[in-house]
Amino acid sequence: MQILKDCLFVGLGGFTGAILRYLITLIPLKTQFPLTTFFVNISGAVIIGFIIGAAGALPNMNPQLILFLKTGLCGGYTTFSTMSVEIVDLFRNNHSIISVVYIITTVVFCILGVIFGGFLASLVFRKV
């Protein structure tokens, strides 16, 4: 029965994250660089870093809340598959430099985002 409850939390988080991602992609931006997906993936990295940091700082944090936020919300919000399609499209449309910049900056900024999110959590949940 616990697994069904956990699945419900993951599903609700995924639903919420996917809706947020969709709404962000509706922002009308005229650029070759896929800014909305870039923003979603980096902000998702910061968010998941914060959640991991918060869970480490708050050992009594509800496990279902962690599932909802980390696996559900962040999993539904961020999108590696969309990024991959955008990279292929950029290459096919002879935007190789933009594609390579997109790959490198996404990976670097997402890793830095996780670190920054963890740092933010350490500031917020610092023991006084």
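Phe 33, Phe 38, Tyr 102 and Phe 109 form one aromatic cluster. Keep in mind that this is a predicted model.

**Aromatic pairs**

- The count comes to five aromatic pairs, with rings pairing if their centres lie within 6.5 Å.
- One of them joins Phe 38 and Phe 109: the ring centres are 6.2 Å apart and the planes stand at 80 degrees, so this pair is edge-to-face.
- Phe 38 belongs to helix 2 (residues 35-57) and Phe 109 to helix 5, so the pair ties together parts that are 71 residues apart in sequence.
- Phe 38 has 15% relative accessibility and therefore counts as buried, while Phe 109, at 40%, counts as partly exposed.
- Phe 50 and Phe 125 form a tilted pair, 5.8 Å centre to centre with 50 degrees between the planes.
- This pair also links distant parts of the chain, with Phe 50 in helix 2 and Phe 125 in the segment after helix 5, 75 residues apart.
- Phe 50 counts as partly exposed at 27% relative accessibility, and Phe 125 counts as partly exposed at 26%.

**Helix 4 and helix 5**

- Helix 4 (residues 80-92) packs with helix 5 (residues 96-124) at an angle of about 155 degrees, and their axes are 7 Å apart.
- Because angles over 145 degrees count as roughly antiparallel, helix 4 is roughly antiparallel to helix 5.

Terms used:
Residues numbered from 1 in each chain as written. Predicted model: local features only at pLDDT ≥ 70, side-chain atom pairs only at ≥ 80, totals over all residues. Heavy atoms only, no water. Axes fitted to C-alpha atoms, helices over the stretch in contact; angles between N-to-C directions. Helix = DSSP H or I, 4+ residues; strand = E, 2+ residues; numbered from the N terminus. Parallel < 35°, antiparallel > 145°, perpendicular 65-115°, else oblique. Phe/Tyr/Trp six-rings, centres within 6.5 Å; stacked < 30°, edge-to-face > 60°. Buried < 20%, exposed > 50% of the residue type's maximum accessible area, 1.4 Å probe, protein only.
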